[in-house]
Amino acid sequence: MQTFEVIQPGPLTTIQDLGRYGYQQYGVPPSGAMDNYAFRIGNLLVGNDEIAASLEITLFGNQLRMLQDTVIAVTGADLAPALNGDFLPRWESIPVRRGDIISFTGLKSGCRAYLSVTGGINVPKVMSSASTYTRARIGGLDGRALRKGDILLTFESIPALSGARVPSEYIPKYGCQIELRVILGPQDNYFTEDGINTFLQSDYTVSAKADRMGYCLEGPPLQHRTTADIISDGIPLGAVQVPGDGLPIILLVDRQTTGGYTKVATVISVDIPKLAQAKPDDKVRFQQINQDEAQIALQEYEQQIQTIRHQLNH
Amino acid sequence: MSYEEPRFLAGGDKAIFIEFGDAIDLQLNCRVRKFKLAIEKARIPGVIETVPTYRSLLVYFEPQQISIQELRKALCSLMQPQVERELLKPKLIWIPTVYGGEYGPDISFVAAHNNLSVSEVIQIHTSTSYPIYMIGFIPGFPYLGGMSPGIATPRLETPRAKIPAGSVGIAGNQTGIYPAESPGGWRLIGRTPLQLFDPSREPSALLQAGDYLKFVSITPEEFTNIKESVANGTYSVKETIME
């Protein structure tokens with residue numbers, strides 16, 4: 001079923017789901033939505049499974065024409081979305097008609113918006129996922145970002161009820177300053193005590209080199225004891241890699257699967273969405289927590305999503 | 001080299017490293033892959049995937065299904081000698097490669113750097129079976145060991161912006177193959193028509209950790225023919241089981 005025509009793609013709009021698992025052993029990163037929270041809630045709003053393929057829209061400029069009556073929801077960043085030129089509320093399911101124009105007109109807060117649609121976007125799965133990994137041209141629409149003139153299909157589905165709305169207390173506010181909780185390791189012992197203190201007590205700034213692969217930060221360098229090089233090992237999501245220049249790089253969904261630089265810490269999974277919404281010049285601070293605290297944070301996060309799911313179903 | 005007891009290292013709240021040692025060593029790498037196999041056979045609920053590298057295994061898990069404490073316990077029980085898994089016999093995969101010319105523009109430099117003739121470089125490069133320690137970095141890229149120090153050459157000072165897929169190169173004392181077109185600083189000595197990574201193939205990566213590869217010198221005509229049969233799906237990769 002033809003549902004969208006891309007009038008303007010914007011700088012980077014890709015099809016994503018929750019990622020591709022089992023292939024990192026072959027060098028293929030998981031990819032998937034950068035902001036797990038906004039992505040999952042978007043799908044819940046339109047009556048989908050949490051994993052249904054949706055659009056990840058980076059910054060502004062994206063414009064789409066509806067080819068079908070259906071229900072959509074926009075979550076994540078506030079990119080000043082509009083429906084036929086009028087204000088389009090976010091975090092809410094919205095009925096749209098064939099011929100309607102959805103546009104993202106400006107950058108108010110955050111960095112990545114998600115456009116979910118009833119049924120989810122229909123593209124062939126590559127290695128069990130619809131997620132686009134542009135560097136190796138895998139998944140999504142021919143492995144690439146959307147272009148002008150692309151037609152996107154969706155799966156047939158019973159249309160969701162429109163008017164479902166996420167309670168305001170569950171809608172994140174995207175500021176210019178974020179705090180990321182980290183668990184130290186795997187190579188924190190490669191850093192001096194001063195190096196670790198610098199890491200945990202300094203303000204860092206998101207540099208211009210920030211994308212789905214990773215965010216390079218600027219700020220005080222971390223001091224290594226002797227070397228920044230290790231025998232290459234795996235790289236988890238959120239790993240804070242520190243090469244010889246001492247500046248942290250947080251590795252994200254499109255990261256290289258293995259690497260030979262020290263990793264001082266890992267950002268906990270529930271804080272990745274905050275980083276996904278950060279832009280160049282935003283400030284980042286790190287806070288150390290332990291495994292037990294991280295588990296509690298994850299339980300609360302999942303509990304919150306379940307609460308929203310129940311509220312939307314009523 | 002090898003630690004007496006494997007070490008658990010933190011990889012955040014959804015991943016954990018099991019590190020077996022701190023060296024590039026075939027036996028150590030073998031332990032990593034045996035442990036990966038043991039985890040796969042044990043089918044531990046909540047384990048999402050594992051990434052074997054030179055000397056450690058990264059295990060991704062879903063804490064909503066298994067807590068890190070339970071996971072560590074399950075992993076420890078798999079470290080007992082009686083659950084050790086036998087690996088399959090390694091395969092030797094033949095990589096047809098055209099050396100020199102436009103395919104390997106740096107081969108003369110490599111030869112001159114090592115006081116060798118170009119044909120001696122080819123002879124040395126094709127005489128070794130290279131162990132594949134791990135696949136990683138980008139899709140299908142093999143980390144190889146075993147190159148003769150006699151052809152070691154430093155990287156380019158300024159990396160090339162574009163290197164064709166299949167390029168075979170040397171960087172320091174390592175040799176490797178670029179699976180996809182990419183920028184890079186390796187000295188290029190040749191190119192293979194084989195496709196190291198193909199998302200529509202199962203498995204998508206041609207090479208697997210634990211196997212070996214051997215380069216075989218071919219002519220530019222053979223390169224063109226093989227490339228064609230790879231493209232239309234009629235090429236079968238030559239491989240033999242190693243005893």
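Author: One may begin with burial. A residue is called buried if 20 or more other C-beta atoms lie within 10 Å of its own. The model shown here is predicted. In chain B, buried residues make up 39% of the 243 residues.

Reader: What are the dimensions of the box that the C-alpha atoms of chain B fill?

Author: Taken along the principal axes, the box is roughly 55 × 40 × 40 Å. The secondary structure inside chain B comes to five helices and 14 strands. As for contacts in chain B with a separation of 6 or more, 62% of them are accounted for by residues 24 or more positions apart.

Reader: Into which domains is chain B divided?

Author: Domain 1 of chain B covers 2-83, and domain 2 covers 91-241. Their C-alpha centres lie 31 Å apart. The contact between these domains takes seven residues from domain 1 and seven residues from domain 2. On the side of domain 1 that touches domain 2, helix α1 (residues 26-42) of chain B supplies the largest share, three residues. That side of domain 1 divides into four nonpolar residues, two polar and one charged.

Reader: Is β9(B) mostly covered or mostly uncovered, and what lies between β9(B) and β10(B) in their hairpin?

Author: Strand β9(B) is mostly covered, as four of its five residues are buried. The hairpin of β9(B) and β10(B) has two residues between the strands, and Gly172(B) takes a positive phi near 65 degrees in this hairpin.

Reader: In which order do the five strands of the open sheet in chain A stand?

Author: The order is β2-β3-β10-β5-β8 (chain A), with antiparallel pairing. The edge strands, β2 (12-16) and β8 (93-96) of chain A, each pair on one side only. Neighbouring strands of this sheet are turned by 25 degrees against each other on average, direction ignored. Within the sheet, one may follow strand β5 (residues 70-78) and strand β10 (residues 109-117) of chain A, which pair in the antiparallel sense over six bridges. Asp78(A) stands opposite Ser109(A) in β10(A).

Reader: How does one read a nonpolar core?

Author: In soluble globular proteins, nonpolar side chains tend to be buried together. Here the largest nonpolar core has 99 residues, and those with the most contacts inside it are Ile72(A), Val182(A), Tyr215(A) and Val59(B). Helix α1 (residues 36-45) of chain A contributes the largest share of this core, six residues. Not counting residues up to four places away in sequence, Ile72(A) touches Val46(A), Ile94(A), Val96(A), Leu115(A), Ser116(A) and Val117(A). Another core, of 46 residues, lies apart from the largest one and has among its members Met127(A), Ile95(B), Met134(B) and Ile151(B).

Reader: Why does Tyr190(A) count as buried?

Author: Tyr190(A) counts as buried because 20 other C-beta atoms lie within 10 Å, and the cut-off is 20 or more. Tyr190(A) is found in the loop between β12 (177-184) and α2 (193-201) of chain A. Not counting residues up to four places away in sequence, Tyr190(A) touches His224(A), Arg225(A) and Thr262(A). In sequence, Tyr190(A) and His224(A) are 34 residues apart, while in space they are 5.8 Å apart, C-alpha to C-alpha.

Notes:
Residues are numbered from 1 along each chain as its sequence is written. Chains are lettered from A and ligands numbered from 1 in the order in which they are written. This is a predicted model: local features need pLDDT of at least 70, side-chain atom pairs count only at pLDDT 80 or more; totals for chains, interfaces and linings use all residues. Domain bounds come from an automatic or database domain assignment. Two residues are in contact if their C-beta atoms, placed from the backbone, lie within 7 Å. Ala, Val, Leu, Ile, Met, Phe, Trp, Tyr, Cys and Pro count as nonpolar, Asp, Glu, Lys and Arg as charged, and the others, Gly among them, as polar. A residue is buried if 20 or more other C-beta atoms lie within 10 Å of its own, exposed if 12 or fewer, and partly exposed in between; C-beta atoms are placed from the backbone. Two strands pair if DSSP finds at least two bridges between them. A nonpolar core is a set of buried Ala, Val, Leu, Ile, Met, Phe, Trp, Tyr and Cys residues joined through C-beta atoms within 7 Å. Axes are lines fitted to C-alpha atoms, for helices over the stretch in contact, and angles run from 0 to 180 degrees between N-to-C directions.
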